[in-house]
Amino acid sequence: MIIITKSEKIDRLIKKGQFPIEAIQAMDSIRVFGNEAVHPGKIQLDEPEEMTLFLFELMNDIMEETISKPKKHNKGVFTIMKRPTRSAKQRTGRW
C-alpha cells in the first residue's frame, strides 16, 4: 500500500491547476499547523483563540473556492447558455 502525504496531495492539486493559489496556500497552512500540533506527541490546547478562528476561516475559504464558487458558476453558465459552447470545451478540455 502506497502512503501519500498531505504535502504530496497538495502538490498534485497544484499540478492539476484546478485550485486558486489562495486555496493551495490555505491548505498548506492548515497542514503545517496540524503537523506542528501533533508530531511532538501532544496537542496544545493553549493556542490563541484568534488562531483557531483563523484556521476555521481558512477552511471556509477553501470550501468556498473549491466547491461553492465552481458550483455556483457552473449553474449560472448552464442556465444562461443551456449548453456549453464548443470553443469553451476545446479551451479547457472540460464540460
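Select Arg-31 and Asp-28: both belong to helix 2 (residues 21–38) and stand three residues apart, about one turn of the helix. Helices here are DSSP runs of H or I with at least four residues, strands are runs of E with at least two, and both are numbered from the N terminus. Display the two side chains, which meet in a salt bridge at 2.9 Å, N to O. The term salt bridge denotes a side-chain nitrogen of Lys or Arg within 4 Å of a carboxyl oxygen of Asp or Glu. Asp-28 counts as partly exposed, at 29% relative accessibility. Buried means under 20% relative accessible area, exposed over 50%, and partly exposed in between, with a 1.4 Å probe and protein chains only.

This is a predicted model, in which local features need pLDDT of at least 70 and side-chain atom pairs count only at pLDDT 80 or more, while totals for chains, interfaces and linings use all residues. Residues are numbered from 1 along each chain as its sequence is written, and side-chain values use heavy atoms, with hydrogens and water left out.

Next, colour the chain by secondary structure. The protein chain has four helices and zero strands, giving the pattern α-α-α-α along the sequence. Of its 95 residues, 13% are buried.

Now select Pro-20, in the loop between helix 1 (6–16) and helix 2. Pro-20 is partly exposed, its relative accessible area being 27%.

Side chains of opposite charge can pair when their charged atoms come close. Glu-65 and Lys-69 are separated by about one helical turn because they lie four residues apart in helix 3. Both are partly exposed: Glu-65 has a relative accessible area of 27%, and Lys-69 stands at 41%.

Thr-66, also in helix 3, is the next selection. Is this residue buried or exposed? Thr-66 counts as buried, at 18% relative accessibility. Its side chain reaches the backbone oxygen of Ile-62 at 2.6 Å. The buried residues of helix 3 are Thr-66, Leu-55, Leu-58, Ile-62 and Val-77.

Select the whole of helix 3 to view its course. Its 33 residues reach 46 Å from the first C-alpha to the last, close to the 48 Å expected at 1.5 Å a residue; that expected span is 1.5 Å times one less than the number of residues. At Glu-64 the helix bends by about 40°, the bend being the angle between axes fitted to the seven residues ending there and the seven starting there.

Finally, show the surface and select Met-63, which is placed in helix 3 (residues 49–81). Met-63 is partly exposed, with a relative accessible area of 36%. Together with Met-59 and Ile-67, Met-63 makes a nonpolar surface patch of about 240 Å². Patches are made of residues with over 30% relative accessible area and no salt bridge; like charges are joined within 9 Å, and nonpolar side chains (Val, Leu, Ile, Met, Phe, Trp, Tyr) within 5 Å.

Methods: Areas by Shrake-Rupley, 256 points an atom, 1.4 Å probe, with all protein chains shown as cover. Polar contact = N/O pair within 3.5 Å; in protein donor to acceptor, adjacent residues only side chain to side chain.
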